[in-house]
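Okay, thanks everyone for coming. Let's take a quick walk through one model together, and stop me whenever you like.

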Amino acid sequence: MTRDGFSALAAGGLDWDALPLRLWRKGNAMFWNAADIDLSQEAAGWATLEGEDLEAAARLSAMFLAGEEAVTHDIQPFMAAMSAQGRLGDEMYLAQFCFEEARHTEAFRRWFDAVGITADLNPLVDDNPGYRAIFLKALPESLGALRDDPSPANQIRASVTYNHIVEGVLALTGYHAWNTVCQERGILPGMQSIVRHIGQDERRHMAWGTYTCRRLVAADASLWQVVEDTMGELLPQALEAIGFLSQYDQPLGLNVEDFVTYAAERATRRLGAISAALGQDVAQVEADDAPVALEDELAST
């Protein structure tokens, strides 16, 4: 492969007001280091959990760690797709995005080390069929398809799978549930800090995913069907992955149905933001701050 020029050298330079580069600047300003989080109180807090609460907490935490590792691996073809289209701002942001996913993986692994869990944790996710369907099949397949065919339809499938299912439904719902438990019980301040930092990163990731889907459906209304089809296929599996905790009798004091409803409602809100771009001017959609405003609103409720 060769290149015939440089986007950053082109007349006019980079559009610093474009949403991907605004997200890039925000990420730089909100930098955090996983190794700096104080995990000295985690082992004592973990020791207060027992029985089904302990098992449910271990499963939930293992789902977080495995999920962050998976998305770190799988985001890379999206970076290449943006590069192929000459979208340097998106490519720059996705480079930061990938780094953040790796940092999330580090944070959760350090947390497991701090509470003294070093055994093989794969069995904690092996028997969750919804989780496996998303992370072992749908996610790597949809992102991997971009290597050979970075078409708008494949970008939509990849974004809906990665941003709207994995991050918007599974990750943010799981973090909300786990953080609720930690706050109510007054335990695991390190985990609370990790979840708070990750939530800030993930909301920027979600904003980029919604932005990407919005600009693509504004350019081609037929792609809305791809959004609906992908969400319709994967949302039941994601909700099954969350509902898997219902095997326990009110695990950690949580009402699992409440969090399934929480996840579904947020998925619906983000789909509404994407559908609102249908028929709009692409340039206006690209300049619109609606994806960021939506994530700020959802974070406050």
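I'll start with cysteines, and for that we need one rule: a disulfide here is a pair of cysteine sulfur atoms within 2.5 Å. Keep in mind that this is a predicted model. So, how many disulfides does the count come to by this rule? It comes to 0 disulfides.

Take Cys213 as an example. Where is the closest cysteine sulfur to the sulfur of Cys213? It's in Cys98, and it sits 19 Å away, so that's too far for a bond. Cys213 is also buried, at a relative accessible area of 0%. Cys182 is another buried one, and its relative accessibility is 0% too.

Next, a tryptophan. Find Trp208, which is in helix 9, the stretch covering residues 189–219. Is Trp208 buried or exposed? Buried, because its relative accessibility is 0%. And who does Trp208 touch, if we leave out residues up to four places away in sequence? On the list are Pro20, Leu23, Phe78, Met82, Asp90, Tyr93, Leu94, Phe97 and Asn163. For a sense of scale, pick Ala8: Trp208 and Ala8 are 200 residues apart in sequence, and C-alpha to C-alpha they are 21 Å apart in space.

Let's stay on helix 9 and look at how it packs. In general, you describe two packed helices by the angle between their axes and the distance between those axes. Helix 9 packs with helix 13, residues 290–299, at about 140°, and the axes are 8 Å apart. That angle makes helix 9 and helix 13 oblique to each other, and the crossing is right-handed. Which residues meet there? Helix 9 brings Arg203, Met206, Ala207, Thr210, Tyr211 and Arg214, and helix 13 brings Ala290, Pro291, Val292, Glu295 and Ala299. Sorted by class, this contact of helix 9 with helix 13 has 7 nonpolar, 1 polar and 3 charged residues.

Now for another helix pair. Helix 8, residues 152–185, packs with helix 10 at an angle of about 30°, with their axes 9 Å apart. So helix 8 is roughly parallel to helix 10, since an angle counts that way when it's under 35 degrees. The crossing of helix 8 and helix 10 is right-handed. By class, the residues of this contact between helix 8 and helix 10 are 17 nonpolar, 4 polar and 1 charged. If you want to click through a few, the helix 8 side includes Ile156, Val160, His164 and Leu170, and the helix 10 side includes Val226, Met231, Leu235 and Ile242.

Gln250 has a positive phi of about 50° although it isn't a glycine. Leu252 lies in the loop between helix 10 and helix 11 as well, and Leu252 has a positive phi of about 60°, again without being a glycine. Leu252 is buried, because its relative accessible area is 5%, and the cut-off for buried is under 20%.

That's my tour, so over to you.

Methods. Residues numbered from 1 in each chain as written. Predicted model: local features only at pLDDT ≥ 70, side-chain atom pairs only at ≥ 80, totals over all residues. Heavy atoms only, no water. Helix = DSSP H or I, 4+ residues; strand = E, 2+ residues; numbered from the N terminus. Buried < 20%, exposed > 50% of the residue type's maximum accessible area, 1.4 Å probe, protein only. Axes fitted to C-alpha atoms, helices over the stretch in contact; angles between N-to-C directions. Parallel < 35°, antiparallel > 145°, perpendicular 65-115°, else oblique. Left-handed = near helix turned anticlockwise from the far one by under 90°. Contact = heavy atoms within 4.5 Å. Nonpolar A, V, L, I, M, F, W, Y, C, P; charged D, E, K, R; others polar.
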